[in-house]
Amino acid sequence: MHTVKTSKNSLVKYIWKNRFIYLILVLPLLYYIIFHYIPIYGILIAFQNYVPGRSFIGNEWIGFKNFGLIFKSKPFIEALRNTILISFYKIIWGFPFPIVIALLLNEVRSVKFKRSVQTAIYFPHFVSWVIVGGILVSLFSINDGLVNEILKSMGLKSINILSNPKYFRSLLVLSEMWKEAGMQSIIYLAAIAGVDVQIYEAAIIDGANRWQQIRYVTLPEIANTISILFILRIGSILSAGMEQTLVLLNPLVSSVGENIDTFVYKVGLVQGDYSFSTAVGLFKSAVGYILIIGSNCLSKKLKGESIF
Amino acid sequence: MTSNYKRGKLSRGRLSLFNIINCTMLFIFALSAIYPFMYILTISLLPLEDYLKGGPFLFPKNVSFEAYKQIFTNGSIFVSFRSSVIITVFGTAVNMFLTTLCAYGLSKTKLKGYKIFINMIVFTMYFQGGLIPSYMLMRSLKLIDSYWAVILTGGISTYNMLVMRSFFLNIPSSLEEAAIIDGATEPYVLFKIILPISLPVLATISLFYAVGHWNAYFTPMIYLNTRKKWPLQVILREILFETTESMRIAGETNELMKSPIGPQLKMATVIVTVIPISIVYPFLQKYFVKGVLIGAIKA
């Protein structure tokens, strides 16, 4: 009894001694509790029959019924399929692209040229998807887009790129590569800059040409960076681009472009089915969490590398 | 940079085929990143006569500022510009206040409870409540249609906070200990010693936040109902993507876009929205590279 009291006293003393730091942390911790943990608690409505206008509490419990409904819902299956396909294409094309850019940039000898290219290719990252949407309209619009103007002036038929299901996924993949690849190359450039020059010197003495240096020195040396970023990318496979899709999506292409995020927005906020769309959101969060933990464990086992 | 210089010396490059192909590819990519912006500028400056003749308009031949004049005399753009500025300025201020407190507090790794705090915070990077519970929270806080909803939604970006924290961790602790021995109080240490030498990282993180707020479109779209409160991005999306048909049905037609130079007006609005970003871009580029690297190493 006595010891408990003293340890309590010493804890109080400890906190009082460090009161400034604890005081500093009060607001941020409150922020996380209110704006992150209350919504996490709010996930409970996925297991309830939520009545609009109520709060998280006092609704009828229906267990996993919503999750059964999810997998019977055709629009959800379609959105899930689109999400996975689009993410898959984005990884296949978009993941290697910044690595290629970094490798190419690294081979440039003129510092001025390198700087100018970097200045140009980083810029699109800093504009919003709405602006990128404006650019795509100006380039591809059926009425007066640049591409169709050129086709018309050559006497060819104009093509509807923005609302044709055939092109829409490619449009998503390419526009994201256009916007983000330059920026993503930074991290690889840094990794390449960290490679020991002596390895290159040795390779050159062994008669390695530029291509062989890339293949046998640079790539193996940055393999760890690549695998860490790959893990992170896999973890977000169920995010196929919320703002991007919402800006570009139109009814003509929603069958190929609707993804889980835009589906949650549409069903939840537009149509007002809170419980169902929260269940969809929980499904997404849970799968994402399992993926990132799983792939992290895998990489720990395989290479001794982990992101945590 | 040094490694490049040395390698350059080693394989002192004549104009090899490798170099030519490499630079051509990079040049094409760089051009493709920049040309669309030039094209939009071209369209926004296109005089009506030229537009009616039909294009393609690859480069501006004649220049007319009519579209810009109409935008600014109509004035509705100022309303959304003002919203964008309010969200950006106040949002960034709130972000910086909370982020700095959090990052500094968590840089004290020996503090009792530290493990709990950091795990609790990092967990939110990987698992979120999602859109609907967040929306319901804002509704029960009566923040719908208030700028506060937009500002508080991303009050602390955990990623940015960790970048800042890693900067604080790298400050030698001897600096603080010496000041404490000299009788400085903890607030004095934070405000007079730590924050002044952290100005570069504070500037970097504020830029990240400011650009994020300026570009945000989804959050203001869902939380702000009053048209007058909509920032530029939300208005711009409406102008660009709502077809004239649906606007007529909705009765929300933006009067300006009925003008014969509608396309020029659209593109001029895009340019006006991009200009603030272009102005801070030199700083962004300089600091962003650093921020990405610190983040990549530590996160």
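The pLDDT is the predictor's confidence in each residue, on a scale from 0 to 100. It matters here since the structure is a predicted model. Chain A has an average pLDDT of 89, and 95% of its residues score at least 70. Within chain A, confidence is lowest in helix α1 (residues 2-17), where the mean is 76, and highest in helix α4 (residues 74-94), where the mean is 96. Where pLDDT is low, the predicted coordinates should not be read in detail.

We turn now to the salt bridges. Over all chains, the count comes to nine salt bridges. One of them joins the side chains of A:Arg109 and A:Glu107, with an N to O distance of 3.8 Å. A:Glu107 is buried, at a relative accessible area of 1%, whereas A:Arg109 is partly exposed, at 26%.

In chain B, a salt bridge links B:Asp145 with B:Lys229, and their closest N and O atoms are 3.8 Å apart. B:Asp145 belongs to the loop between α7 (131-140) and α8 (147-153) of chain B, and B:Lys229 to the loop between α13 (218-223) and α14 (232-241), so this pair ties together parts 84 residues apart in sequence. B:Asp145 has a relative accessibility of 18% and counts as buried because the cut-off for that class is under 20%. B:Lys229, at 25%, counts as partly exposed.

B:Arg227 and B:Glu238 also form a salt bridge, their closest N and O atoms being 3.0 Å apart. B:Arg227 sits in the loop between α13 and α14 of chain B and B:Glu238 in helix α14, so the parts tied together are 11 residues apart in sequence. B:Arg227 is partly exposed at 27% relative accessible area, while B:Glu238 is buried at 11%.

Terms used. Residues are numbered from 1 along each chain as its sequence is written. Chains are lettered from A and ligands numbered from 1 in the order in which they are written. This is a predicted model: local features need pLDDT of at least 70, side-chain atom pairs count only at pLDDT 80 or more; totals for chains, interfaces and linings use all residues. Side-chain values use heavy atoms; hydrogens and water are left out. Helices (H or I, at least four residues) and strands (E, at least two) are DSSP runs, numbered from the N terminus. A salt bridge is a side-chain nitrogen of Lys or Arg within 4 Å of a carboxyl oxygen of Asp or Glu. Buried means under 20% relative accessible area, exposed over 50%, partly exposed in between (1.4 Å probe, protein chains only).
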